[in-house]
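Trainee: Walk me through this model, please. I want the criteria behind each label.

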Amino acid sequence: MTMPRRLSLKRAALAAAAMLMLMSSGGAAFAQQAKELTFAHQDMLVPLRLVMESGEVEKATGYKINWRMFSGGGDVIRAMASGDVQMGETGSSPLTAAASQGQDIKLFWISADIANAEALVARNASGINSMKDLAGKKVATPFVSTAHYQLMAGMKMDGVDPKSVNVMNMRPPEIAAAWERGDIDATFIWDPVLSRIKGTGKTIATSGSIGKRGAPTFEGIVVNAKWAAANEPFMIAFVKALNRANEEYKASGKSWTPDSPQTKAMAKWTKADPKDVSAAMALYTFPTMAEQVSPTWLGGGAAKAMAGTAAFLKEQGRVQEVKPDYSAFVTTAYVEKAMGK
């Protein structure tokens, strides 16, 4: 074998070794990248904000979480459909729309029973004293949200022709600005905007009052089903953190003041006024782990509520198809494993 030939083989070996090192480092980088997710959150005042502030899930799992704020559940669902977001919080109406379209997602946590936390508020001197008075008025709400669903359901229950009402699609910050300018007569919305407008408006109906009449709503956390299956230890750790935050609120929430660290954390992540946090959170109820997996919620009630919502959304032309069963989009698995079952 000639000297050049030996050098050629040596160079080839070195090149192969370099390639192996590159592939190895690339594999390590991929593994590191895999321990990362983007979470789409909104501005509702729920205990999840305490988890976001504490960084406890990141510390427990080693994952990097990119917390991205969105203005509405429809935006969250679209981001998840695009693949940019692996997990997010959304109301039952956008969730149902996504499930009806066959999006590969799972509802695994009820972050809040909305109860009275969303409301239809009419501007003072608008002449609106009931649902029937909405005819001919400008009413703003984020389309495909739980508030939009209940606004339309409430009008239907009270015999109001939706075509007679100028229902306007606005995100929460846009609603706050439009209210200040006097551009709208009423809005169906949640906090922190709800607290800001109540002082110059009258509450006509709440999510709780409409829910009792047959159109219940909830806030939930959903995840890309394949991502969840591939990251089960993270899912269990996340559920445990969510429950811890719920328990903290139940134990001490009533004593939080505007200066409490918990209140400041809630305000930081939602842009709410600290003085409004306590009263706003009191309008929600936050299910315990046992309640999460019960027939009321993940054990059947959530899927039933989604079925009712889907029928309404189809009637409104928001979805093309109603699934025969929505339980395929709900799972109790991660809560049960977090409970040690």
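**Sheet and pockets**

Mentor: Five strands form an open, mixed sheet in the order β2-β1-β3-β10-β4. Strands here are DSSP E runs of at least two residues, helices are H or I runs of at least four, and both are numbered from the N terminus. This is a predicted model: local features need pLDDT of at least 70, side-chain atom pairs 80 or more, while totals for chains, interfaces and linings use all residues. Residues are numbered from 1 along each chain, and side-chain values use heavy atoms, without hydrogens and water.

Trainee: Why do β2 and β4 stand at the edges?

Mentor: β2 (64-69) and β4 (105-113) each have a single partner strand, so one side of each lacks a neighbour in the sheet.

Trainee: What makes β3 and β10 a pair?

Mentor: Pairing needs at least two DSSP bridges. Five bridges join β3 (87-91) to β10 (218-224), running antiparallel. Therefore they pair. Gly 88 stands opposite Val 222 in β10.

Trainee: What makes the largest pocket a pocket?

Mentor: On a 1 Å grid over the protein atoms alone, a pocket is an open set of points where a 1.4 Å probe fits, with protein on both sides within 12 Å along at least five of seven lines; lining residues have an atom within 4 Å of a point. The largest pocket's volume is about 310 Å³, counted as the space filled by probe spheres set on the points, which are joined across faces, edges and corners. Its lining has 18 residues; Gly 74, Asp 75, Arg 78, Phe 143 and Val 144 lie nearest the centre.

Trainee: Which element gives the most to that lining?

Mentor: α4, with five residues.
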